[in-house]
Amino acid sequence: MVNRVVINYNLSEMQKKTRNVAGKRAKKTYHAEPQPKSPAQWFKELAQRMDGTTFDITGVMLFAFALMSLLALMNLTGGTLLTPWANALWRWFGYGAVLVAIGVAVGGLVMLRKSKENPAPFNWWQFVKFEMLLFSLLTLLSQIGGSSIERAEMGMDGGYIGWVLARTLEALLPWPFLQALVSTGFFVFFLVLTFNLGSAIENALENLAGVASPKPASTEESIDGPGEGAIQPEPGRQKNLRNSLPPEYRKKLSPTEDEVEPVVANRVRAVGLPPLNLLAHEHNAAVDEKHINTTAGIIEKTLADFGVPAKVIGYRTGPLVTQYAVQPGFIKKPGSTENDEQAMRVRVSQIASLQNDLALATAAQRLRIEAPVPGRAYIGIEVPNSQLTAVRLRPILESESFHKLAAPLGFALGRDVSGHPLVADLAKMPHLLVAGQTGSGKSVFIAALAACLAMNNSPEEMRLVMIDVKMVELIRFNGLPHLLGKVETDVQRILGVLRWLVNEMEHRYKLLESHRARDLNAYNRKAKVHLPRLVVIIDELADLMMSAPEQVEVNLVRLAQKARATGIHLVVATQRPSTDVVTGLIKANFPARLAFAVASGIDSRVILDSTGAESLLGKGDLLFLNPEVGNPVRAQGIWITDQEIEKVIAYWQKALGSVNDAPPWESLLYEPAEDSPDALIDQAVEIVRSAQKASASMIQRKLKIGYPRAARLLDQLEEMGIVGPSQGGGKDRDVMVDRLNDQEDLE
């Protein structure tokens, strides 16, 4: 017992001494003298104390000083201070004085790019490399001029500094050939270091050897800014991630083999159609294979961390996303022993459920999983590229896919996740429903669709009817000879346009019947008068449904059900794909649908009958549901500029002249529709007089109309004194007139 007490006492004393020593060391460390700061640390602290205005002022002053010095060196300006300053630069630096002025200007631009929130440290090594490059250049210039002090005094060659360096080199190396070789070698060496020409030379050698050199993605013109709507990785992040990956997850993949799409630049077009040189070229971005391999390793490691063995076997790169081909691995069956070799494959749902975890690991803004890829034995994980590449209309029209389509109403949709052209035929759809939230790319797609149709059809073959409730998107097509009338923006006039389209459809059916033709193509082969196809483009269906839901829905449904054979096709777009806008009847008659980015999975189900559109990135990123395929296909939509549209319109106006004909629906604008309440009131009177009872549900059933319209008819009958007031409780109203007799029926 005593020994235990002594041992405990000794231990406690030792702990006290240890704490005292640690405390003294801590105090000593706390009161230690501050270490001297390096120039880089001093500059960083100075930059942190400076605000953005100070950086801007300093940068502007340096740039202005450099510009004035450069003008003074060229004798374009002068003054009491500038002229002696320029003479001093010439004497000391010779021809290198121009390089000094340019270096000061570059320093000013660097200061302008700095900010308080991002005070990048001064790159001293880059500054030293530039100075050594300048000194080697001055030495070389002085040697070329004969190392003459007289020429240096006149501001020629390398000036005083170059003359001193050249004479020093002559004293060290007595042979002139060796002097020239050393000065030239120093200049080339520091030139390569300063401007990083080593990587450029390496890429050139790799290209000569047939090896693709990875370059950062870039684009000549991106939608609403370079790379907006896609992920911008932090500098050095991918390098750190690659170094932190275990060796077994460091990938070296090759693109998934796909059939190369041939492009014919000088494809022969029909006589009279606009040439393709009216449209802009497309600039494809190079593939950054290092970034792709790093992301593939992160995906594979993340899946393994969650107990889901899988392997990334390839990738496909498109203009917006890169699709990684993930092949599920095998796990042991539940209840099996370690020696049991039987295993089962990982379920597809296990990988699809980790979508958010993969997005977190890859630092992706939005990530989409296609499980599985149709026709492929793998799962597609689509990760956004570092920058968005704009897809142009011209290369799609030059592609083999569009040429094989050979359809008058064929149009370009964009490029899929492999970068291949995606095209479709509007005549086979036969109507297209487009939906997406504001800024997702609907209006740009509609403009590209109209321009594509105008590029491949003459006004005798195809006419356009454009309805733009937003009043700003489609009005740029006014003046196009294909357009019937003008772009309609007023709701009342739009209702007249829809009524005219229904009448035109019925008229064409009578013509088809008289010629015993089953569709418009057969009629045009038999008849002498050629009927053009009609493409009706409606931008923003939601506003129309809010203004006149009954008339709009009835006319749209009638056109969608019957107008295909008569050559009338609808393209309807909306930014609110809710059930009160895209009703069941409208949706059932629009099997071809196009979804841009939407706010929620509910909106995606309304338009596509499945989720996925809520994971799109916007800026033209779309999912196309082709009724012939059945699965949504992801693509990047066409980007077309106002200048291209103006060129197409100007070509047709020059070829055919401006068309100012009155629209054919002008006479129907102020006539009531056949199924309007005014036209149905007489039928409602006959119904209630015959039945001697009146209710909205009965009128709705007899006239086959909606309940709101039947209720309004009943209110009109009450105002006319034909029925009595409502009795409540769902009871029928009293009829105030007698039943129709047989004589009246005969009359």
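Q: With which residues is G414 in contact, leaving aside its neighbours within four places in sequence?
A: In this predicted model, G414 touches V391, I396, H420, P421, L422, Q636, G637 and I638, once neighbours within four places in sequence are set aside. G414 itself sits in strand β7, which spans residues 410-416.

Q: Why is G414 called buried?
A: The relative accessible area of G414 is 0%. Buried means under 20%, so G414 with its 0% qualifies.

Q: What separates the C-alpha atoms of G414 and R392?
A: The two C-alpha atoms are separated by 8.0 Å, while G414 and R392 are 22 residues apart along the chain.

Q: What makes E504 buried or exposed?
A: E504 has a relative accessible area of 15%. The limit for buried is under 20%, and E504 is therefore classed as buried. This residue belongs to helix α18 (residues 491-514). Beyond its neighbours within four places in sequence, E504 is in contact with L534 and I568.

Q: Why is the aromatic pair of F65 and W85 given its class of geometry?
A: The ring centres of F65 and W85 are 5.6 Å apart, and the angle between the planes is 40°. Rings pair if their centres lie within 6.5 Å, and planes under 30 degrees apart count as stacked, over 60 as edge-to-face and the rest as tilted. The pair formed by F65 and W85 is thus tilted. The structure holds 6 aromatic pairs.

Q: What makes the pair of F65 and W85 tie together parts that are apart in sequence?
A: F65 lies in helix α3 (residues 52-73) and W85 in helix α4 (residues 82-93), so the pair joins parts 20 residues apart in sequence.

Q: How do you know whether F65 and W85 are buried, exposed or partly exposed?
A: The relative accessible area is 36% for F65 and 34% for W85. Buried requires under 20% and exposed over 50%, with partly exposed in between. F65 is therefore partly exposed, and W85 is likewise partly exposed.

Q: Which residues do ring pairs link into a cluster?
A: The cluster consists of F411, F445 and F596.

Q: Which residues touch the most other members of the largest nonpolar core?
A: F411, L432 and L464 do so, in a core of 54 residues. Helix α17 (residues 442-456) gives the most to this core, namely 11 residues. Not counting residues up to four places away in sequence, L432 touches F411, L426, F445, L570, V571, V572, F590, A592, R593, L594 and F624. Another core, of 48 residues, lies apart from it and includes L484, L495, L534 and L556. In soluble globular proteins, nonpolar side chains tend to be buried together.

Q: How do the axes of helix α26 and helix α27 cross?
A: The axes of α26 (residues 696-703) and α27 (residues 707-719) come within 8 Å and cross at roughly 115°. The crossing is right-handed. From α26, the contact is made by A696, S697, I699, Q700 and L703; from α27, by Y707, A710, A711, L713, L714 and L717. These contact residues divide into 9 nonpolar, 2 polar and no charged.

Q: How many helices and strands are there in the protein chain?
A: There are 28 helices and 15 strands. Of the 747 residues in the chain, 43% are buried.

Technical notes:
Residues are numbered from 1 along each chain as its sequence is written. This is a predicted model: local features need pLDDT of at least 70, side-chain atom pairs count only at pLDDT 80 or more; totals for chains, interfaces and linings use all residues. Side-chain values use heavy atoms; hydrogens and water are left out. Axes are lines fitted to C-alpha atoms, for helices over the stretch in contact, and angles run from 0 to 180 degrees between N-to-C directions. Helices (H or I, at least four residues) and strands (E, at least two) are DSSP runs, numbered from the N terminus. A crossing is left-handed if the near helix is turned anticlockwise from the far one by less than a right angle, and right-handed if clockwise. Contact means heavy atoms within 4.5 Å. Ala, Val, Leu, Ile, Met, Phe, Trp, Tyr, Cys and Pro count as nonpolar, Asp, Glu, Lys and Arg as charged, and the others, Gly among them, as polar. Buried means under 20% relative accessible area, exposed over 50%, partly exposed in between (1.4 Å probe, protein chains only). A nonpolar core is a set of buried Ala, Val, Leu, Ile, Met, Phe, Trp, Tyr and Cys residues joined through side-chain atoms within 4.5 Å.
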